[in-house]
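Good morning, and thank you for coming. Please look at the model on the screen while I take you through its sheets, its domains and its packing.

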Amino acid sequence: MTASSAKLDQVSAGPRVSIRQVEKSFGGTKVLKGVDLEINSGEFLILLGPSGCGKTTLLRIIAGLEKANRGEIWLGGSEVSALEPKERNVAMVFQNYALYPHMNVYDNQAFSLRLRGMSNARIKGRVEGAAAILGLQTLQNRFPRQLSGGQRQRVSMGRAIVRSPGIFLFDEPLSNLDAKLRVHMRGEIKDLHHRLGTTSIYVTHDQVEAMTMGDRIVVMNQGVIEQVGHPLDVFDKPKNLFVAGFVGSPAMNLLTGSMAMEGGHPIVRCSHELTVPMPQSAMKFNGRAVTLGIRPHQLGIDVRGSYEAEIRDIQPTGVETILLCRLAGQDVLVQTTERITGKAGERIRLSMNAGNLHLFDTASGERLEV
Amino acid sequence: MSPALRGLLTRSGAGFVSNGILVIFVLISLFPVYLMFITSLKSQAELISNVFALPHDPKWGNYYLVLIQRGYYKAVINSLIFAGSVTVLTVLLSVLAAFAFAVFDFAGKRTFFVLVLVGLMVSEVSILIPVYNLLKSMNLLNTYVGMILPQIALGLSFGIFLMTTFFREVPRELIDAARLDGCTDWQLLTKIMIPVGLPGINALAVIEFLWAWNSFFLPLVIATKQELMPLSVSVIDFMGRFTFNYELVATTCVIMFVPILILYIFTQRSFRRGVTMGAVK
C-alpha cells in the first residue's frame, strides 16, 4: 500500500446514523410510512426490498437529496434533517455512475475537493491515494466515455473515497454491470469497507448482494421496515410472509393450509393428500389458517419420502438443479445438487424435515414460533 | 432470378430512387444560392441577356462597390453588433431560465412554462406597432438597445424551450452528484449544466444569430437612420420604385450569406448534435 493510500485508510469509522419516524409522500402516494432505524458506526447496512418499496427514497433522504415530510435524520450526535447534502459529509455512489462526462477521471475525483478550496498538492495526494486503492492509476487522463462499466463504477467509488466522507451511500451500484463483473465488484466494495471502515448504507434488490455484503439487512416493503437483522438470521427466521417470500433465491415455498390435530399430534393440513406433522409445541395454534414455509433446498428428493409430487419443469444450472413440482395442487420448488435424469411429467417422492419448517399466520402474515 | 439477387436489386433500386430524390432536393435547395452568387458577379447588362449561366466576365468589383463605395461595411458592422448582442443575451437569458425550469421546483412552474410556449406562437409582424409605440415612448427608436431588446424577446421563448429540453435530459443523478460534491446552484449551472449542455447552447447560438442576422421587419421600423441600419435592411436601397439593381442586391445577399455559412461550417458538428439531441432520448 502506498503512503497516500495509507493516508486514506486512516479515515474514522464514521458516525452512527439514526432515522426517526421518517415519512415521505410524493403527491398522494406515501412512500415511507414512519421509518425508524439505527445504523451503527462503521456498519455495512443493506436496504433490501422490491422496486418501489422506498429504499432509494430513504437513502436520498439520508443524503439530503430529498426532504422528509416528517421525522428526523441524525448523523453522529447532531440532527441533519434541515442541512443541505454538501453539509452532511456523505458520499454517494450511483447506479448509473453519474460521472461528469466533460471531466477526465482525475478531475471527476478532484472536483469536490476543488470546490472545498483544497490545495492542488493535497488534492493530488488524495486522488492518487484513491487511485492506488481502486487501481485507477493508468486511467486518470481518460474521459468516462472511454471507460468500461466496471472502470466507471470504480471511478465513481474513487470520487466518493477522496472526500473521506462520514458515510458512504450506495444506490444499487452494481445493477448495470454484467454478472461476472458484479461478483468482482462485490468483493472490491466489501474489501474497501474492511479497509476504510466507514459507515455504509447500500441499497439493492439483489438477494445475493444483500446476503454476502451486509453486516445487517433491512428488508423493506411498501414504505415500512419488515425486518432488520443479520443476513443469515433473516434467512433462517423470516419475521413474516413477505420476508419469507422475498429473501432467498429461489424463494421459499409457501403452502397454505390449516392447523389441526390428528391422533393427538398437531399437523398442518394443506389438502386431503398433504398433511405435514408439526412439533408438539404447535398445538397452541390448532384451528388457525396457517401458511407453511420450506426452503427449496430443504425439500429432499427421497424414494422413501412421504410426499408424492409431479415434476413440471427441470432447470439445471450446472452446480445445482431446480425442479418445479406440483405437490397436492400447489407449486413447489425443489433445489438439489444432484443431477436429475428424469423429465417433466414424471413423479418423484419428497421429504421434509419438521425442523426446517416455518409457520406463518395466514391472516396477519406474522411468523408463528413453534 | 434467385430471391437473394432479387432482394439485392430491389434494395439497390430503392436506394437509387431515394438517393435520386435527395439529389433533386439538394439541387432545388442549392439553386437559389448558385443564382445569387452568379448574379452578384454580373453587370446589369449581362444579367438581362444571361440569367442562369456563369458570368462571362466576373465583376468582383460589385463587392468593392457595395462594401466600400456605398459604405455598406458600416451595415455589416451594425449587423454584427445587432446579431452578436442578441445572440449573447438571448443565450444567456435562455440558459438561466431553462436551468430554473429544468432543475428547480417552484410555484407556478407549469404555468410559466406554458406562457413561454405561448410566446412561440407570437409573430414578429403582429407586435410591430405596439413595440414601435413602446420604444417611441421610451425614446429607444433609432438606438441599438431599441433594436436588440424586441429581438431578444422574440427569440427568448424558443431559446428557453430548447435549453429546458436539453437540461431536462441531463441525468438527475448527475445533478445529485454535483450537489453532494458541494456545488452551489451557480456552480451547478456553470460547472456542470453548461458544459454538459454545450451542444444545445451552440445550436441555440447559431439559430439565434441566424434569426437576428436575417431579421428585417423590426430593424426596418425601429432603425430609420442609415448609420444604424443592419445589412438586412440596407439592401432595400437597391430596390427603387422604378429601378431594381438585382446584381447589387445579390452581392449584398452573398455578403449576408457568407458569415452564416462560415458559422455553420465551424459549428455544424455540435449544431447537428444539439438539434437532434432534444428529439431522441
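I begin in chain A, where five strands make up an open sheet with antiparallel pairing, in the order β13-β12-β11-β14-β20. Helices (H or I, at least four residues) and strands (E, at least two) are DSSP runs, numbered from the N terminus. Two strands pair if DSSP finds at least two bridges between them. At the edges of this sheet lie β13 (275-277) and β20 (358-361) of chain A, each of which pairs on one side only. From one strand to the next, the twist averages 40 degrees.

Before I continue, a word on the source. This is a predicted model, in which local features need pLDDT of at least 70 and side-chain atom pairs count only at pLDDT 80 or more, while totals for chains, interfaces and linings use all residues. Residues are numbered from 1 along each chain as its sequence is written, and chains are lettered from A and ligands numbered from 1 in the order in which they are written.

A:Met259 has A:Val268 in β12(A) opposite it.

Let us turn to another sheet of chain A. It is open and has six strands in the order β6-β7-β8-β3-β9-β10, and its pairing is mixed. Its edge strands, each pairing on one side only, are β6 (90-93) and β10 (224-229) of chain A. Neighbouring strands of this sheet are turned against each other by 20 degrees on average, direction ignored. For such angles, axes are lines fitted to C-alpha atoms, for helices over the stretch in contact, and angles run from 0 to 180 degrees between N-to-C directions.

In which sense do strand β7 (residues 167-171) and strand β8 (residues 199-204) of chain A run, parallel or antiparallel? They run parallel, and five bridges join them. A:Asp171 stands opposite A:Val203 in β8(A). A helix also belongs in this picture: α5 (residues 149-161) of chain A lies across β6 and β7 of chain A and runs at about 180 degrees to β6(A).

Next comes strand β1 (residues 17-26) of chain A. It pairs with strand β2 (residues 29-39) of chain A in the antiparallel sense, over eight bridges. A:Val17 has A:Ile39 as its bridge partner in β2(A). The two strands form a hairpin with two residues between them, and A:Gly27 in the turn has a positive phi of about 65 degrees. β1(A) also pairs with strand β4 (residues 70-75) of chain A, again in the antiparallel sense, over five bridges. There, A:Arg20 has A:Glu72 in β4(A) as its bridge partner.

I now come to the domains, whose bounds come from an automatic or database domain assignment. Chain A is divided into domain 1 (3-244) and domain 2 (254-361). Their centres, taken over C-alpha atoms, are separated by 40 Å. Four residues of domain 1 of chain A are in contact with five residues of domain 2 of chain A; contact requires the C-beta atoms of two residues, placed from the backbone, to lie within 7 Å.

Chain B is divided into domain 1 (3-40) and domain 2 (69-277). The centres of these two domains of chain B, taken over C-alpha atoms, are 33 Å apart. To their contact, domain 1 of chain B gives four residues and domain 2 of chain B gives six.

How do the two chains meet? Here 17 residues of chain A are in contact with 14 residues of chain B. On the side of chain A that touches chain B, the elements giving two or more residues are β6 and α3 (105-115) of chain A. The residues of that side divide into twelve nonpolar, three polar and two charged. In this classification, Ala, Val, Leu, Ile, Met, Phe, Trp, Tyr, Cys and Pro count as nonpolar, Asp, Glu, Lys and Arg as charged, and the others, Gly among them, as polar.

I close with two helices of chain B. Helix α5 (residues 109-119) and helix α7 (residues 144-169) of chain B pack at an angle of about 130 degrees, with their axes 8 Å apart. α5(B) is therefore oblique to α7(B); angles under 35 degrees count as roughly parallel, over 145 as roughly antiparallel, 65 to 115 as roughly perpendicular and the rest as oblique. In α5(B), B:Val116, B:Leu117 and B:Gly119 meet B:Leu156, B:Ser157, B:Ile160 and B:Phe161 in α7(B). This contact comprises five nonpolar, two polar and no charged residues. Thank you for your attention.
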